[in-house]
Amino acid sequence: MSETMPDRVLDPSADPVLDLTLDGPALTAALVDFPSVSGTEKPLADAIEQALRGLPHLTVDRYGNNIVARTHLGRAERVVLAGHIDTVPIADNVPSRLDENGILWGCGTSDMKSGVAVQLRIAATVPEPNRDLTFVFYDNEEVAAHLNGLGHVAEAHPEWLEGDFAVLLEPSDGQVEGGCQGTLRVHLRTKGERAHSARSWMGSNAIHAAAPILARLAAYEPRRAVIDGLEYREGLNAVGIEGGVATNVIPDACTVVVNFRYAPDRSQEEAEAHVREVFADCGIDEIVVDDHSGAALPGLSHPAAAAFMEAVGGTAQPKFGWTDVSRFSALGVPAVNYGPGDALFAHKRDEHVAVDRITHCERRLYDWLTA
């Protein structure tokens, strides 16, 4: 039988304080009970800032609803621990509840307030780490990219994000996921000439003109690239097609939407050039880049990354998908994903996290930073 934890519900209007002496699972519950849907993060950002300013070994800076706290111990390396503080809209899953099996349920438990709780616990319990630390808490990750707080900090204060290695505590179920794929979405457009379908020879069918595009995609053999011992599998796929005017009209326009997921050894320019090369002789009238986010190298060959892998154990996996590690890569900081949540339960009504994953993740990071 599950139990709610009303004593941990935080009311933003009451100017609440985050208690960093709580253990990781309890702190996760406190964060979940503090609603912070994208665009409404200010109260939680205020509470995080207040809690961190109470730690004398950290300097704390703020830009909008983004908090950056740093040690300045003169260590040979600097590591960045980063996580977003927003969630998707609540789906009747706040306040949190803890069941008898050690599962914590609630909006953001997996993505990614359990990771944020681990960040805060490390900030509070490791005053003299073996590497200088930067803690980044940012807003608006779950919405449009131009709103992303980490991107805003990178643009306005890139020096706040300087480091030798970064760990993004996105849900990875306690496994290291190196780097991330890039994602490129393009619109491939063909043109024709309208005509009555009863006299189709009077027109030119733009949907038929898209056939070479589909044939090329069906025959495409995606590349596999091994980087730092991780095998990334690329993919070039049609994810949408639009054309047609009416059931008695030969269409004069067709658009095939193609998504290219590419390995982190390609730059954005190389990815776009590859797509254009693949479809160069397919009779396309126009290629339009609709969205593009670059890949991130895993950086597992860096000494800090090697020590990290030794401390956390397991076997690193490639990240199939895109995360904000890409923003660190663009700044020249190799990064990995490592967090207690499970991405398979992110954004779901029954979102949850196992509390032993939270304590495991915190212990591994603690060991790495105090060895």
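The largest nonpolar core in this predicted model has 56 residues, of which Leu 52, Leu 120 and Phe 308 touch the most other members. A nonpolar core is a set of buried Ala, Val, Leu, Ile, Met, Phe, Trp, Tyr and Cys residues joined through side-chain atoms within 4.5 Å; buried means under 20% relative accessible area, exposed over 50% and partly exposed in between, with a 1.4 Å probe and protein chains only. Residues are numbered from 1 along each chain as its sequence is written. Local features need pLDDT of at least 70 and side-chain atom pairs pLDDT 80 or more, while totals for chains, interfaces and linings use all residues; side-chain values use heavy atoms, without hydrogens and water.

- Helices (H or I, at least four residues) and strands (E, at least two) are DSSP runs numbered from the N terminus.
- Not counting residues up to four places away in sequence, Leu 52 touches Leu 58, Val 60, Ile 67, Ala 69, Leu 120, Ala 123 and Phe 137 (contact: heavy atoms within 4.5 Å).
- Another core, of 21 residues, lies apart from the largest one and includes Val 186, Leu 188, Ile 213 and Ala 295.

**Helices α3 and α10**
- The axes of α3 and α10 (residues 355-370) come within 10 Å and cross at roughly 40°. Axes are lines fitted to C-alpha atoms, for helices over the stretch in contact, with angles from 0 to 180 degrees between N-to-C directions.
- On the α3 side, the contact is made by Ser 114, Val 118, Arg 121, Ile 122 and Thr 125. On the α10 side are Ile 358, Cys 361, Glu 362, Leu 365, Tyr 366 and Leu 369.

**Cysteines**
- The whole structure has zero disulfides (a disulfide is a pair of cysteine sulfur atoms within 2.5 Å).
- Cys 361 is in no disulfide, and its nearest cysteine sulfur, that of Cys 180, is 19 Å away. Cys 361 is buried, at 0% relative accessibility.
- The sulfur of Cys 254 is too far for a bond because the closest cysteine sulfur, in Cys 282, is 13 Å away. Cys 254 is buried, with a relative accessible area of 2%.

**Gly 192**
- Gly 192 lies in the loop between β10 (182-191) and β11 (195-196), and is partly exposed at 29% relative accessibility.
- Beyond neighbours within four places in sequence, Gly 192 is in contact with Ser 204, Ala 206, Asp 252 and Ala 253.
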